[in-house]
Structures are given as C-alpha cells and as structure tokens.
Amino acid sequence: MTSAVTSEPAAGTVAARAEEVTKIYGIGDTAVRALNNITVDFAAGRYTAIMGPSGSGKSTLLHCLAGLDRVTAGRVLLGDVDVTACSEKELTIVRRDKIGFVFQSYNLIPTLNAIENITLPLALAGKKPDKQWLDRVITTVGLSDRLNHRPSELSGGQQQRVAVARALASRPQVIFADEPTGNLDSKASAEILQFMRQAVTDLGQTVVMVTHDPAAAGYSDRVVFLADGKIVDELQSPTAETVIDHAKTLGE
Amino acid sequence: MGRVTIKGLLAHKLRFALTALAVMLGVAFMSGTMVLTDTISRTFDNLFADVNKGTDAYVRSAQSLSSGFGGPSRRQRGRIPASLLPEIQSVPGAAAAEGHLQFYAQLVDKKGDAIGNPGQGAPTFGFNWGTVKALNPYRLEPGGHAPQGNQVVIDAASAQDAGFKVGDTITILTQGPPGQYQISGIAKFGDADSAAGSTAALFDTPTAQSIAGAPDQFDSISVVADPGVSQKTLTERIAAKLDSKSYQVLTGEQITKENQNDIKNALQFFNVALLVFALIALFVGTFIIFNTFSIVVAQRLREMALLRAIGASGRQVLASVLTEAVLVGLFASVIGLGAGIVLSNALKAVLDAFGFDIPAGGTVVTAQTVIVALLVGTGVTIFSAVVPARKASRVPPIAAMRDVATEGRPHSGRRVLIGFGITLLGVLALFAGLFGGQGIQFVGLGALIVFIGVFVLGPAVARPLSDWIGWPAARLRGITGTLARDNAMRNPKRTSATAAALMIGVALVGFITIFAASAKESIDAQVDEGFKADYVISTGTGFGASFGGFSPQLATDISKLPQVGASSPLRINHAEFNGSSQFFAGVDPRSANEVFNLKVEEGKVGDLAQPNSVGIARTVADDKHWGIGSRVQTQFPNGTTNLTVKTIYANGNKQGLADYAMSISTMSQHYTNQLDQYVFVNLAEGVSPAEGRKAIDGVLKAYPNAELQDRTEFKDAQAAQINQLLGLIYVMLLLAVIIALIGIANTLALSIYERTRELGLLRAVGMSRRQLRSSIRWESVIIALLGTLVGLVIGFFFGWAVIQALKDQGFTRFAPPAGQLILVVIVGGLAGVLAAVFPARRAAKLDVLQAVTHE
C-alpha cells in the first residue's frame, strides 16, 4: 500500500487513518463489497481529495472515516481515537468535537439563522465559541453581513459557505466534505473550493473531500483514486489538467 | 386511484393507526354510553313488565303534582281510600283486586348499619304484602310465610348480604319510630334476588298502612280481569263506576308503558350528560383528523402533483384523499363500536365508583347504536378531511417539478378578522343562553363556536405565544430548547391545530374546576349567612339527602334533650305557587327563626303555625306584589289549597334558604312522604360541644342512617359532594385530553418524518440522542402548554360567565382556585412530555447516515 504519510511535508501527524477497512453491504448473494481492505492515511494540515467513478466506494470511505457508517472489518482512527471501537454516545461526541461536515445539499437547519447554524456544534457541546477564530472563519467565507439571515433567505452558494463555516467553527481535527460543490454553479463552486483551500493553507485545517469534479480536485494537495472499493492510485499537488490526465490513464 | 390510496394507507400504518385511534376512542365512548343506557333502560322495562304482569286495570288518584327534579318525571300523587277496593271488586269482569302501598322502609343490618342509601343508589321500599298471587311480583322462598302483624318479608338480596334468616328479628327504619320486626319470610322478585337493586320490606296491609301513616288508604289498586274480559273493557267498566275527577283508571298496558317511559325520561338526563362527553371527545377528534390529513396532504403534495401531471384529475385526487378518510373512519368506527360495547361495563363501573349505582342486566346493543356509531364515526372523519382533500385536489401539476413549500402563509388580517368574528358570535350565543334565558343549548352552542373561533384565530397567535412560552426553554436548555421553540413556531397552523385539541379539554377542565371552587365558596357563604344552627343532622353526604330522610320522631327525640336549646326539622319539597313550580321549606315555626337566619322583615315566623300559612322571601313579595295576608293558590299532590302569607323574610334561595316556607304540619296534610331530611340544632346555653355531641349521638344510635355534623363538617360534606361530581366530570373529560395527546404525538411523528434530513444533520454534527429527545420533548411541551394556557383563558371566561349568570341562584362567589389552575398547567406540560415519548424515541433511533441523505 502507498505510504503517502512519509512524504507529507506539513505537520507530519496523521489526522485520520483507515486500516485494512472493509465494508460489505447486504448478506449472501446480494452482498456488495463497497470497500475492500483499504488502508490510507490523511495527514494533518493537508487538503485531500478522493475521486473515483460511481460505485467506487468513495462516499462509503468518507462515511466510514467520519463515523457515520460502521465498517465490516478493519479500524478507523481519528488522531488517536479508534472510531470503530466507539459506542454510539462516544461517536456523537467525536462527531461534535473532532469532525466538521460539509454535505452536498447544504443541510442547514432552516429555523436557525446563519450564525446560529455556524455555531450549532459548539452550542450542542455547550461550549462558548472562540470569538477570534469565529470572526476569522466568518471573514474568510465572507458572511459577515449575512449572519442574521435564515437559510431560506440565502442563495445556494451562501448556504454552502455557512455550511463550510459551521464545519470550521469548532476547529475540528478533520473536515469531511461530501461533493460540496455538487449542487452549485461554477462560480459558487470556485468560491467554496477556494475557502476550503484557505482553511487549510491559512487556518491550518485538515480537509478530506469526495468529488467527481477534476476541477475541484485541482484545489487539493493530494488526490486519492478509488475503484471497486480499492485505492488504485494517487496524485500529489494536482491541477485540474493532471487530474483529468490521470483519470484517463486509470480508465484505460 | 383506489389502489394508490390503499397502498398509501398500508405504507403509513402508524399514521393510519393514530388517526384511527382518535376517531375510535370517541366512537367507543359514544357507543358505550348508548349501550349502557339501553341496557339500563331494558332492565327497567323488564322490571316494570314483571311488576305489572298480572295487572289488567289500575286505579289511582287523579290528583298529582309533577316532581320538581329535572330528571324523573314521576309525579307525586295523593292516596285513595281503601273503601274503593270492595267497590272495584264488585265490578263485573274483575276476578281479583288488591290495594298497594309503597313507602320508605330501610332495613338495618345486624351491626346496626342501614342497608342501602336511597339518596345515591336504588330505593329502599316498604310495601304491603299482596295476597293476590297474580298481582304480587314477590315469591316467598321455601320455609317462609306471608307477614302478619309484627312480621316482615324481606328481599332475598338483602337477606343474603346481611345474613338474615326466617325467624330473625330485624330493625326497620320508617317514617314512624324505628321498629323491630320478625322475619316471616324471604322473597325473590320473580327469579331475581331483588328488584333492580332496591331493597324491600313487605308487611301485611294494616301494618303497612300504619307505617305509611295511611290508615284506610292505598296508593293504587290493581285489578285482575276474568278470563275473556279485555283490559280495555275492565278499565272502562271500573272508570264508569268512579268519579273521574278524583280517580284515574288505566289498563295494565298503560301503567306499564308509563312506568317504563318515566324511567326512560329519568335516564334521558343521564344519557345526554354522558353523550355530551362523548361528543366532546369526538369534537376533539375532528381537530386531530383535520390536522393529520392537512399534514399528510402537505407532505404528499409532490406525489399528488405527480399524479396530476400524469393525468389524474383534481376530482380523482379529491376522491383519493376522501377514500382514505372513509376507510380510516369506517375502520375506526367498527373497532370503536366493539370497544364501546366493552366500555359500557367500564362506564358503569366508573359511575358506581362515583356513587351512581344503577342496575343493569345483560348488555343491550340496539341497531340504532350500531348505525349511529358507524355513521357518526365515519361522518366525522370525512367531514374533517374535506378541507385538506379540497386543498389536495387544487395542487397544480407543476408543483411536482418544484420543491414543495410547506403550508401557506401563517396568518393574514382576514383570518384574524374572521376568527374574532366567530369568537364574538360564540360569546354572544353563550351570553344569550346564560343571561338571555335561551337555555342550556345556547350555552353549549356558544362554547362550541368560541372554540371554533379560537381555532381559526390560532395560527395568528400560535407563533408569538409559542415564542413566549418557549422562552424559558430556549433560555435554560440552550440550543435544544431553541430548536424546540423554533420548531414549535415553525408551522403555526399545525401547531395551533394540534394545541387546539388540548385547548378544548383544558378549557372544560378549567371551567369545571373554577365553577366547582366558586360553588363551594358560595355554599360556605350561604351556610354562614343562612344558618344559625350549631349542628345539622342529615342522612349524610349523598346528593340525595332530599330523597331519603328519617322519621320525624328523631326531631322530637332531639328537642327533648336538655342539652339542646332550639331545634327544627327541615323538609324540602316543591309545590306550584300560583302556577309556578317552586321548592319550599317545611319547618317548625316555633324554632325556625333560631336555627335559620331568616331576617324576618314582616310578620312572625311563629305565625306560620296557623293552618294554611306560608312565609315568603322579600324578593318573591316584591316580584309578585304580595304582602302579609295575601292569598297564594298552591297546588299540592293531593289538590289545590289557598295559603295565606304570614311572614316576609329577607334571606331566600340566594342565601341558601328557601323562597317559600311553611310549617311541617301544614305540609304533611298534602304529601304522602312524612320524612324529615334535616334537623338543625342549637345547643342550650352553657352546654359544651362535646357534651352536646354526646347527647345527640345517643339519640342518633337508634337512627343509623342519620349523621350529625357541625357547621364545618356540614360545609365539608357539601364540598365533598361537589368534589365527587367534579371527579366524575374529570374522568369523563380525561378521554378528550387523551385524544388530544394522541393528536400531539401524531403531529410530532409526522413533523419528525418531514424533518428526517434535518434530524440526520443535527445528529451528524454532534447532537446526542439525549439532546434530540430533549428537543422534541420541549417542542411537545411548548405545544401542550400553548393549548393548556389558551384553554385556561377560555375556561376562566366560561367559569366567570356561568357564575355571573347563576348569581341569583346563590352562586355569589367567583373563586378561581390558583393552586389547582397552576396544577392544570403543570399537568398540561407533563402531558406534553408524555405525548413526546414515542415520537422522540423514534427520532432518536434514526440512522444518521440514512437520515442525512433522506430525500
């Protein structure tokens, strides 16, 4: 297996790690092996994209890493926490304190305004937000003048910016993004990807993003390619063009 | 389309079940009531058919006075001379005839306690033993014989319960002094141990006449016809012989029918009272059904638009929703009917527990019950679903392509205007009923319209009120509380419709609580204002203190005690004074003024001792322009008499006394019942309460059904009576509250389904299951409190209005009990917690990943 970690220039620590992870859906004849004995590290302070064709298992991998889905075999580590050994209660706390989420459909709480949505995980934990950090996050995503708006009063791009800010607000160990630009037009997409890039570069956050868009992958530090539940390749310091080329070679 | 409907129903079993449950409970209550009433009614039908089985003709006095009590239409009647008997026997075609007497006689068991309580349960009768077998429904058990002289035959049920055998001596309370009798026989009523739970003491005719104070008199005479002589022929022949002004002659069939109808009318009151509660439950149910269908239609808007897009007409969509309503309604009604038949027994047990002991034989389910239950249950469901169904049919096909918005604008000026208009109309109807003399129907109708008006207003006020009610939750419970409040405010139409169901129950609970507390205070005030007596002797706590009573001998015995200063018996009865039926008090003119605070203004109470005198309250004197010496034409059961006004006093009905008063000696000329209902006692000067009590208790030993109470105890006993009724009403309203809770649970469950993705997200970003449950619980509590508080406001208003209307009847105090009302609010909130248990658990169990990706 690829041991990308050693080549990571940044902090050098592993933010998330999958160890020989297998995920099987269903049983018997109808069983589908979504992840097949995958081992992969995601370094802290880096922006990693996961790519692959439909059914390659990329979303499943993300869900397993984030503790949203249980693995059939293997371990998932977030920092030094073994997610696979966590109880439902512990998992909730892990999600609340160590993980940030950005989903494809914006997934904001419609009854809460922008700032309430952003601080939701903190409020759930009963924590006071770090004012300075919060200001920085909000400035980064450019929402300062929209904080009291409800989601229904925001455009799709603005809603997704709120979602990114929410993921950043608790300064999590890893941010998992599942097709974050899937519902956005190209301009809004570019903005969101730029914010996530900034979150890593300027704010020192760790992002793991599933995407099928080579342009989106081009914002990352590293691309991991999945096919049939296995990691088939990876690419350091990609651009949209190199990703497309790479994907082509894989396809052949 | 039909298949789509049925598949839709099966796919949402829970929603189906909860909606059906709301209808089912209402229908069950209603059919249970009808079954119970029919059962009781049948029991009495059979009873009277048995009693009058051998009777072909029936003779009684033509003089009568309708009973003043709302329910029983039984009339008090004068007696007829025993000398009629040979006259009737000599009529050609009369095979046999016998005179009957019926009077109060209460058996005392071996421990010295009175058996039965005529005030609350079945009556305790004394009869003369019939020697004509065809006319005597009682059958001696082997080993006994007919009573003679100092002997008595008692009913088998009493004999078994109290362990009496032939030859035993038994004490019997009558209107004379308590007497000792030897049991000569034990008798069954036909095949039953007793006649519908009543006790019977049967004496020979001279003894019975002596006990009833009716020497040479009978209440009625029954006649058996010779073979071949019809009832009609016999009756006509007897009637021809008698003075039709004095005597009435009926056929056996007629008297049976009359007895049966009397009981039916008496039960009517009780039937209506129970049905009112069933209708309240159904009314609350309509809100639930309306709300469920509204939510479901909103949720399925896209599905319906799709159906429209692929060619279904609006009419077909309408039909589809209505078909669902029909299926739910029919299903629920059938189950409800079944449950109702079972419930009728439970209902009877509840009534028994609250002291309304009613005999009932085998369960009677009439076709009418079945038809009404099915029609009403299904009808209510369809009616409630019509508005949502029409909305569904108007969905434009294009809505299938759009993201479906939730329900429309929460409120508009027009809604507020219409809501206020309806509410005002309701208030006007209520006032017309209460103050305008339009009757109880208007009061009920007004209340109904007020509820509908507030329901229409609901969406306009639900948002600000939820905000306000939810403020502490948001403040104290952080984000879970905030989310709860926001969700409660999110869809004001839904929230208000859900809360409205609870509102109705709470309004009625609040009203009855306030009314009862005010009534208690008013009675306390009346006792303080109207009575000067230190002690009251009565038959105890029953509502029917005025039905039972005790021998006048008791008052005589008490008055002879050296420890007693003044004492007066009191009998309440009614008569028609110048054509209007009124209650009056029969008192001892020598002492009445000392135990009652009459505040005599003209004349003397002592003057009432003169024959045919009457005392009247100032209000009556002013109203009728009567003064001392005025003549009042008074209709008694045995005829009309002119009474002369001898005294005018200030304190009448309103002060807990009576607007009319006369001496017991005048009264006793006109009534067959010679029992005292109360004796009011003042101790002699210098006698300590302990000494007085001891002396009085010594006398009361011989009268086991009489009870001594001081003023506080008397007030407490009155309060206990009210509490008893209050308890029964609470139990009856409980069902409406339970249905409302089902409604809250249903709405929450549906809302949660709608919010699946949102809940998934909350869980994904770190909301714990406990926090999620807590949030839903608070949402439920906010909705419940919304209903509770609005309900209490309405209840408060109803209470106030009714007390104002009854001011002249002595309800002088308006006393909302703060503690109890706060308790209602707390219980309302807890009910919200209860309603949330199931939906909250369901929400917490959602799989996070599935939920967050839920479409």
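# Notebook: two chains, looked up piece by piece

**Entry 1: where the chains meet**

I began with the contact between the chains: 19 residues of chain B are in contact with 19 residues of chain A. I note here that the model is a predicted one. Which elements of chain B give two or more residues to the side that touches chain A? I found helix H13 (478-490), helix H21 (756-764) and helix H24 (848-852) of chain B. H13(B) gives the most to that side, with 6 residues. I then sorted the side of chain B that touches chain A by class, and got 10 nonpolar, 5 polar and 4 charged residues.

**Entry 2: chain B as a whole**

Next I stepped back to look at chain B. I looked up its elements and found 24 helices and 26 strands. Its C-alpha trace spans about 95 × 70 × 50 Å along the principal axes. Of the 855 residues of chain B, 52% count as buried. I also looked at contacts in chain B with a separation of 6 or more: residues 24 or more positions apart account for 83% of them.

**Entry 3: helix H11 of chain B**

I picked one helix to follow in detail, H11 of chain B, residues 413-434. Does its length agree or disagree with 1.5 Å a residue? Its 22 residues should span 32 Å, and the end C-alpha atoms are 31 Å apart, which agrees.

Then I asked which residues of H11(B) are buried. They are B:Gly419, B:Thr423, B:Gly426, B:Ala429, B:Leu430, B:Gly433 and B:Leu434. Seen down the axis of H11(B), the buried residues fall within an arc of 135°, so they line one face of the helix. On the other side of H11(B), I found B:Gly413, B:Arg414 and B:Leu417 exposed. What covers the buried residues includes helix H12 (440-476) and helix H22 (769-805) of chain B.

**Entry 4: a sheet in chain B**

I moved on to an open sheet of 4 strands in chain B, with the order S5-S15-S1-S16 and antiparallel pairing. Strand S5 (94-100) and strand S16 (247-251) of chain B stand at the edges; each has a single partner strand, so one side of each is left without a neighbour in the sheet. On average, neighbouring strands of this sheet are turned by 20° against each other, direction ignored.

Inside the sheet, I checked strand S1 (residues 57-61) and strand S15 (residues 220-225) of chain B, which run antiparallel and are joined by 4 bridges. I looked for the bridge partner of B:Val59 in S15(B) and found B:Ile221.

Which strands does helix H6 (residues 231-241) of chain B touch as it packs on the sheet? I found S1, S5, S15 and S16 of chain B, and the direction of H6(B) makes about 170° with that of S16(B). Helix H7 (residues 252-299) of chain B lies across S1 and S16 of chain B, running at about 95° to S16(B).

**Entry 5: a sheet in chain A**

Chain A has an open sheet of 4 strands too, with the order S2-S1-S4-S5 and antiparallel pairing. Its edge strands are strand S2 (32-43) and strand S5 (81-82) of chain A, each pairing on one side only. I counted 2 bridges between strand S4 (residues 73-78) of chain A and S5(A), which run antiparallel. In S5(A), A:Val81 is the bridge partner of A:Leu78. Helix H1 (residues 58-65) of chain A packs on the sheet, touching strand S1 (14-25), S2 and S4 of chain A, and the direction of H1(A) makes about 120° with that of S1(A).

S6(A) is joined by 4 bridges to strand S7 (residues 174-178) of chain A, and the two run parallel. A:Ile99 has A:Val174 as its bridge partner in S7(A).

**Entry 6: two loop residues around S7 of chain A**

A:Arg171 sits in the loop between helix H6 (156-169) and S7 of chain A. It has a positive phi of about 50° although it is not a glycine. I looked up its surroundings: A:Arg171 counts as partly exposed, because it has 17 C-beta neighbours inside 10 Å.

A:Glu179 is in the loop between S7 and helix H7 (186-201) of chain A. A:Glu179 is not a glycine either, yet its phi is positive, about 50°. Is A:Glu179 buried or exposed? With 20 C-beta neighbours inside 10 Å, A:Glu179 counts as buried, since a residue is buried at 20 or more.

Terms used: Residues are numbered from 1 along each chain as its sequence is written. Chains are lettered from A and ligands numbered from 1 in the order in which they are written. This is a predicted model: local features need pLDDT of at least 70, side-chain atom pairs count only at pLDDT 80 or more; totals for chains, interfaces and linings use all residues. The expected span of a helix is 1.5 Å times one less than its number of residues. A residue is buried if 20 or more other C-beta atoms lie within 10 Å of its own, exposed if 12 or fewer, and partly exposed in between; C-beta atoms are placed from the backbone. The arc is that of the directions from the helix axis to the C-beta atoms. Two residues are in contact if their C-beta atoms, placed from the backbone, lie within 7 Å. Two strands pair if DSSP finds at least two bridges between them. Ala, Val, Leu, Ile, Met, Phe, Trp, Tyr, Cys and Pro count as nonpolar, Asp, Glu, Lys and Arg as charged, and the others, Gly among them, as polar. Axes are lines fitted to C-alpha atoms, for helices over the stretch in contact, and angles run from 0 to 180 degrees between N-to-C directions.
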